[in-house]
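Let's walk through this structure together, starting with the overall fold and ending with a few individual residues. Please keep the sequence and the 3D view side by side as you read.

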Amino acid sequence: QVQLVESGGGLVQPGGSLRLSCAASGSIFSLNAMGWYRQAPGKQRELVARTGGAGWRNYADSVKGRFSISRDNAKNTVYLQMNSLKPEDTAVYYCNADIMARGATTVEVHWGQGTQVTVSS
């Protein structure tokens, strides 16, 4: 009923930039916090950045000053602008959102399918 669809991953050289997008669709009553996580091979999934409907933003220390999260509430879409990319940013990036579906009484956590980001020369 609810889907998160990511786009924008790819291969980029160190120092380059990429912009990820994640659009939520389906039977949505309310869309709360949205964010991005990543998982590198052999590592646990970790928080990259998150933002709430009121505009607050949290970032992992490793991306502060390089990445920027934003959202377009009219489009139910969250973005991740990634600048000054490093090889250690290579991972599968997952979109995450706290959503209450229409007819539901609780908020559930939804995940996208993931998009690969590879930083390499």
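A word on conventions comes before the tour. This is a predicted model, in which local features need pLDDT of at least 70 and side-chain atom pairs count only at pLDDT 80 or more, while totals for chains, interfaces and linings use all residues. Residues are numbered from 1 along each chain as its sequence is written, and side-chain values use heavy atoms, with hydrogens and water left out.

Begin with the fold. The protein chain has eleven strands and zero helices; both are DSSP runs numbered from the N terminus, with at least four residues (H or I) for a helix and at least two (E) for a strand. The radius of gyration is 14 Å, close to the 14 Å that the globule rule gives for 121 residues, so the chain is as compact as a globular protein of that length. Here the radius is taken over C-alpha atoms, and the rule is 2.2 Å times the number of residues to the power 0.38. Along its principal axes, the C-alpha trace spans about 50 × 25 × 25 Å. Of the 121 residues, 44% count as buried, where buried means under 20% relative accessible area, exposed means over 50%, and partly exposed lies in between (1.4 Å probe, protein chains only).

Now look inside. In soluble globular proteins, nonpolar side chains tend to be buried together. The largest nonpolar core has 30 residues, and Trp36, Val48, Phe67, Leu80, Met82, Tyr93 and Ile99 touch the most other members. Such a core is a set of buried Ala, Val, Leu, Ile, Met, Phe, Trp, Tyr and Cys residues joined through side-chain atoms within 4.5 Å. Strand β9 gives the most to this core, with six residues. Leaving aside neighbours within four places in sequence, Ile99 is in contact (heavy atoms within 4.5 Å) with residues including Val2, Leu4, Ala24 and Val107.

Charged side chains come next. How many salt bridges does a search of the whole structure find? There are five, each being a side-chain nitrogen of Lys or Arg within 4 Å of a carboxyl oxygen of Asp or Glu. Arg38 is buried at 6% relative accessible area and Asp89 at 1%, whereas Glu46 is partly exposed at 36%. Another bridge, 3.0 Å from N to O, joins Arg50 and Asp98, and both residues are buried.

Finally, visit two single residues. Met100 sits in strand β9 (residues 91-101) and is buried, with a relative accessible area of 16%. A polar atom of the Thr77 side chain lies 2.8 Å from the backbone oxygen of Lys75.

Methods: Polar contact = N/O pair within 3.5 Å; in protein donor to acceptor, adjacent residues only side chain to side chain.
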